[in-house]
Amino acid sequence: MEIFGKVVVITGGASGIGKALAKRFHMEGAEEIVIADRDSKGASEVAAEVGGRAATCDVADGDQIRALIDDTVSRNGRVDLVVSNAGYVTVGGLEVSDDEVVDMFQVHVMAHLHAARYAIPYMVEQGGGWLLNTASAAGLLTQIGSLAYSVTKHASVALAEW
């Protein structure tokens with residue numbers, strides 16, 4: 001995929017893989033890079049580094065993802081690539097609370113679903129676009145010691161394949 005001139009949104013863009021992608025997309029000449037993260041300070045720092053725009057977004061909330069996509073299209077006229085990258089890992093097995101598992105589903109599965117649900121109509125209207133979901137090797141194998149991470153990353157891969 002050619003990044004030059006594209007409008008890109010990266011969730012979980014304040015650190016790790018998201019930050020690295022933002023730097024790479026900047027080097028490749030993206031027109032706009034939106035660094036979205038619940039860590040607003042980190043998002044602002046990365047956005048300043050890559051000449052992008054920071055957006056505070058908790059991907060566990062589908063309405064915030066909708067607002068992020070809508071705002072990006074409103075400002076730029078389109079969205080070409082949505083990198084649904086936000087994520088985290090915890091440790092634990094069957095003793096992990098249901099609330100923790102549900103929270104991880106919100107971030108690792110539902111966030112991808114919401115990003116697709118809200119971005120694809122714009123992409124269809126504009127004639128194309130891409131979704132990139134970060135799933136980890138744990139989506140193909142497992143993360144020993146983390147039931148919730150393993151299950152949600154497997155679900156993330158299944159969603160992307162669907």
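This is a predicted model: local features need pLDDT of at least 70, side-chain atom pairs count only at pLDDT 80 or more; totals for chains, interfaces and linings use all residues.
A residue counts as buried under 20% relative accessible area, as exposed over 50%, and as partly exposed in between. S136 sits in the loop that runs between β5 (130-133) and α5 (147-161). Phi of S136 is near 75°, a positive value in a residue that is not glycine.

G18 is placed in helix α1. Its relative accessibility is 0%, so G18 counts as buried. Beyond the neighbours within four places in sequence, the contacts of G18 are I10, G12, G13 and N85. G18 also pairs across the chain with A86. The two are 68 residues apart in sequence, yet their C-alpha atoms are 7.7 Å apart in space. T72 belongs to helix α3. T72 likewise counts as buried, because its relative accessibility is 0%. With residues up to four places away in sequence set aside, T72 touches V7, V9, V34, R53, G77, R78 and V79.

Nonpolar packing was examined next. In soluble globular proteins, nonpolar side chains tend to be buried together. The largest nonpolar core of this model has 19 residues. Within this core, C57, V59, I65, L68, I69, V79 and V82 touch the most other members. Two or more residues come from each of β2 (32-37), α3 (62-76) and α4 (98-126). The largest contribution is that of α4, which supplies six residues.

The packing of α3 on α4 was then described by its axes. These come within 9 Å and cross at roughly 30°. Angles under 35 degrees count as roughly parallel, and α3 is therefore roughly parallel to α4. The crossing of α3 past α4 is right-handed. On the α3 side, the contact is made by G62, I65, R66, I69, D70 and V73. On the α4 side, A111, H114, A115, Y118, A119 and Y122 take part. By class, the residues of this contact are eight nonpolar, two polar and two charged.

A further helix pair is formed by α1 (residues 16-27) and α2 (residues 40-50). Their axes are 9 Å apart, and the packing angle is about 20°. The helices α1 and α2 are therefore roughly parallel to each other. Here too the handedness was assigned: α1 passes α2 in a right-handed crossing. K19, A22, K23 and H26 of α1 make the contact with V46, E49 and V50 of α2. The residues of this contact divide into three nonpolar, one polar and three charged.

Methods
Residues are numbered from 1 along each chain as its sequence is written. Side-chain values use heavy atoms; hydrogens and water are left out. A nonpolar core is a set of buried Ala, Val, Leu, Ile, Met, Phe, Trp, Tyr and Cys residues joined through side-chain atoms within 4.5 Å. Buried means under 20% relative accessible area, exposed over 50%, partly exposed in between (1.4 Å probe, protein chains only). Helices (H or I, at least four residues) and strands (E, at least two) are DSSP runs, numbered from the N terminus. Axes are lines fitted to C-alpha atoms, for helices over the stretch in contact, and angles run from 0 to 180 degrees between N-to-C directions. Angles under 35 degrees count as roughly parallel, over 145 as roughly antiparallel, 65 to 115 as roughly perpendicular and the rest as oblique. A crossing is left-handed if the near helix is turned anticlockwise from the far one by less than a right angle, and right-handed if clockwise. Contact means heavy atoms within 4.5 Å. Ala, Val, Leu, Ile, Met, Phe, Trp, Tyr, Cys and Pro count as nonpolar, Asp, Glu, Lys and Arg as charged, and the others, Gly among them, as polar.
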